[in-house]
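Trainee: I would like a close look at a single part, the ligand site. Please take me through it step by step.

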Amino acid sequence: MGVVNATPDSFSDAHPTARQAIDHGLGLFADGADLLDVGGESTRPGAGRVDLDVELARVVPVVRELVAAGAAVSVDTTRARVAEAALAAGAVLVNDVSGGTADHAMLPLVAAAGCGIVLMHWQGLSVDMQARAVYADVVREVLDALRDRLGAASAAGIAEEQVILDPGLGFGKTAEHNWALLRALPEITGLRRPVLVGASRKSFLGALLADSRGPRPPAGRDAATAALTVLAAQAGAWAVRVHDVAPSVDAVRVVEALQGPQPAGPRRVPPLHTPHGIAPQPRETPQPVRR
Ligand code: PMM
C-alpha cells in the first residue's frame, strides 16, 4: 500500500496540490503498489483537524484520477462523508485510523457499501494522542481493542471478511510500544483477519537510527522500513503501508521466494469492491503474503 498524502503538512511526503499528489501516486503505482492510500488530513502527532470541505477537495480529485489510471485506491479518512465521496469516485477500501470511533456514521456506511475497511487502533485524535501512550500491557490492550472494534463492526452489519486490522504504530504509542507490537505480530495475525502494518518512516525508526546530530530524518528511514516489511511479511501481514514502494515490493518478493510455492488456501482478502456500480480495474487484487 503506497502512501499518497494529499496534504501540505504530513510529517513526510506532503503533496500540497492535487496534481502533485496524483503524479506521486502514479509513480508509486508504477513502482508496484497494489493499493494507493489517499489521505487529505495529516495524522502526525500534534496535528489538528482540517475542515470537511477542505478534506473532500483534497481527496476526491486525487482518488478519481488514480482510479482512472487503473489503480486500486483506499481512502485514509475518519469521516464517513469523505469515505462516501471517495467510494463514489472509485475507491475500493476505507482506511479509518480511528477504527470507526471518530464518526458514528462510518461503520453503517461501510456496511451499506459492502467495501473493505481497515480498523486501526488509536488512542484518540492526533492533537494530544501521545499523552495517552500509557498501557499496563500494550499487546494485550491493543489485541482487546481490536477485538472490540471487530465486534462493533459486526454489530453495525459489516461482515468479518470486510475487515482488515492494524495495530496503529505510533498512534498513542512510544517507540517501546511499537517494538512490542511488532514483536507480537503473530498474535495480531492470530485474530484471523488480514493485518496492515504502518511503520514507514515513523519516528521510532528515526530514534533507532539516531546519531550525534539527533534522530535520523524521515527520508533516511526507508531501508529500515524495508527491513520491517520483511519481518511483517514473514509474520503473515496482509500489507504494509509505505512511502517508498519499490524496496518493499522487492522485500516481499524475497520473502515469497524463501517461503516457496504456497498451497492454494481460502482467500483472506476482503472484498475490494463497492456496490455503487463502480468497477475499479486494479491491476491485480492485492494478495496476502502467506506464511
Ligand atoms: N499511519 C499514518 C496514516 N495513516 N493508516 C493506517 N491504517 N496505519 C498507519 O499506521 C497509518 C495510517 C501516518 O503516517 P503518514 O503521516 O505518513 O500518512
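Which ligand atom does a polar side-chain atom of Asn 95 lie 2.7 Å from?

Mentor: A nitrogen atom of the ligand. Keep in mind that this is a predicted model. The polar side-chain atom of Asn 95 sits 2.7 Å from that nitrogen. Asp 76 also reaches a ligand nitrogen: an N or O atom of the Asp 76 side chain is 2.9 Å from a nitrogen atom of the ligand. Gly 198 uses its backbone instead. There, an N or O atom is 3.3 Å from a ligand oxygen. Now look at the cover. On its own, the ligand exposes 410 Å². The protein buries 98% of that area.

Helix 5 covers residues 138–155 and helix 6 covers residues 175–183. They pack at an angle of about 70°, with their axes 9 Å apart. Helix 5 is therefore roughly perpendicular to helix 6. Their crossing is right-handed.

Key
Residues are numbered from 1 along each chain as its sequence is written. This is a predicted model: local features need pLDDT of at least 70, side-chain atom pairs count only at pLDDT 80 or more; totals for chains, interfaces and linings use all residues. Side-chain values use heavy atoms; hydrogens and water are left out. A polar contact is a pair of N or O atoms within 3.5 Å; within protein, one must be able to donate a hydrogen and the other to accept it, and residues adjacent in sequence count only if both atoms are side-chain atoms. Accessible areas come from the Shrake-Rupley method with a 1.4 Å probe; for residues, only the protein chains shown count as cover. Axes are lines fitted to C-alpha atoms, for helices over the stretch in contact, and angles run from 0 to 180 degrees between N-to-C directions. Helices (H or I, at least four residues) and strands (E, at least two) are DSSP runs, numbered from the N terminus. Angles under 35 degrees count as roughly parallel, over 145 as roughly antiparallel, 65 to 115 as roughly perpendicular and the rest as oblique. A crossing is left-handed if the near helix is turned anticlockwise from the far one by less than a right angle, and right-handed if clockwise.
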